[in-house]
Structures are given as C-alpha cells and as structure tokens.
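Subject: Structure handover

Hello,

Here is the structure for you to look over. My notes follow below it.

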Amino acid sequence: MLVGMDHIGIAVKDLDEAISVYRDTLGFKIEAVHVLKERQLKVAFVSVGGETRIELLEPLDRESSVAKFLETRGEGIHHTAVRVKGIDRMLEDLKAKGVRLVDEQPRTGAEGARIAFVHPKSTHGVLLELVEKP
Ligand code: CO
C-alpha cells in the first residue's frame, strides 16, 4: 500500500559541498547525515518543510552504483522514493506482475527503514525506492 512521497535522491560528487549549498545558499535544513557502510554511501537528509525530504548521496567507493551513475550521467536525480506499508507483500505482487526488481527482499536502509529498489527499466527510467518506516 502506498502512503506518500518519502524522498528524492540526488547523486552528488562532494557531500560537504552539496550540504553547504543546500543549507547556506538555498536555506534548507539538514536533518541528518549518515554513513551507509553496506551501500558504500554517505547521505544527508534535507528537510523541505513537509514529510518529504531530499536525500543527497555521495559514493564512498568507486565501485558503488552511485559512483557509476555519476560517471555516466553526472550529478542529478538518482532515484525517487515512495513510502509504503507492507513492503514484503508489495514486492511479491510486483514480482508476480513481471516488474524488474533490484531487491527481491527488503534490506535495511537509513534510519532503520526497510527498503527495496525497483529497476528503472520497469519505471520509465528512474530508479524507484520503496521505503517502509519502522
Ligand atoms: Co533513498
């Protein structure tokens, strides 16, 4: 079940520099910065007022998927993320419909959320993240 928009992920080359632009120039509030070891990412969640946030992502490793994204496409929107309830059931349903999934099982994302990615080939070109908050 869909609950709402959770965040928009933006791939950046230098997180500190991006934080400074979003905070100091654009006037947004940085809510949290996390290192996601498993995904080789450093991320910052930027508040834009409501429940939807912006997630700035900097790769910590050249082999990570975000590093490859930056190499081929440059900085910009990397994924959209919708908040859901019942992520396991949703993944089963999507798989049954032939949707191409990056993650067939949810994994742990930032802030203890359970997340799974749907391949851009099945979403008209933008990686889609499903997020279930604890
Ligand atoms: Co995300």
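One definition first: buried means under 20% relative accessible area, exposed means over 50%, and partly exposed is in between (1.4 Å probe, protein chains only). This is a predicted model, so local features need pLDDT of at least 70 and side-chain atom pairs count only at pLDDT 80 or more, while totals for chains, interfaces and linings use all residues. Residues are numbered from 1 along each chain as its sequence is written, and side-chain values use heavy atoms, with hydrogens and water left out.

**Overall**

The protein has three helices and eight strands. Helices (H or I, at least four residues) and strands (E, at least two) are DSSP runs, numbered from the N terminus. The order from the N terminus is β-α-β-β-β-α-β-α-β-β-β.

Along the principal axes, the C-alpha atoms fill a box of roughly 45 × 30 × 25 Å.

Of the 134 residues, 43% are buried. The exposed surface comes to about 7,600 Å², and carbon and sulfur atoms supply 51% of it. Areas come from the Shrake-Rupley method with a 1.4 Å probe; for residues, only the protein chains shown count as cover. Take the contacts with a separation of 6 or more: residues 24 or more positions apart account for 52% of them. Contact means heavy atoms within 4.5 Å.

**The metal site**

Which residues hold the cobalt ion? His7 (NE2), Glu55 (OE), His79 (NE2) and Glu129 (OE) coordinate the ion, at 2.1 to 2.2 Å. Donors are N, O and S atoms within 2.8 Å of the metal (3.2 Å for Na, K and Ca); water is not among the atoms, so sites may look incomplete.

The spacing of the donors along the chain is H-x47-E-x23-H-x49-E. The pair of His7 in strand S1 (residues 2–11) and His79 in strand S5 (residues 76–84) links distant parts of the chain, 72 residues apart. Both of these histidines, His7 and His79, are buried.

Why is the arrangement irregular? The four donor atoms subtend angles of 86 to 173° at the cobalt ion. The cut-offs: four donors count as tetrahedral if all angles lie between 85 and 135 degrees; four count as square planar and six as octahedral if opposite donors are over 155 degrees apart and all others between 65 and 115; anything else is irregular.

**The sheet**

Eight strands form an open sheet in the order S2-S3-S4-S1-S5-S8-S7-S6, and the pairing is mixed. S2 (29–36) and S6 (107–108) are the edge strands, each with a single partner, so one side of each has no neighbour in the sheet. Two strands pair if DSSP finds at least two bridges between them.

S6 runs antiparallel to S7 (residues 114–118), joined by two bridges. Arg107 sits opposite Ile115 in S7. S6 and S7 make a hairpin with five residues between them. S7 also pairs with S8 (residues 127–132), antiparallel, over five bridges. There, Ala116 has Leu130 in S8 as its bridge partner. Four of the five residues of S7 are buried, so S7 is largely enclosed by the rest of the structure.

**Residues to look at**

Val33 lies in strand S2. Val33 is partly exposed, at 42% relative accessible area. Beyond its neighbours within four places in sequence, Val33 contacts Leu15, Ile19, Lys42, Val43 and Ala44. Ile19 is 14 residues from Val33 along the chain, and their C-alpha atoms are 9.6 Å apart.

Most residues other than glycine have a negative phi. Glu111, in the loop between S6 and S7, is not a glycine, yet has a positive phi of about 60°. Glu111 is partly exposed, with a relative accessible area of 36%.

His124 is in the loop between S7 and S8. Its phi is positive too, near 65°. Buried or exposed, where does His124 fall? His124 is exposed, with a relative accessible area of 82%.

Best wishes
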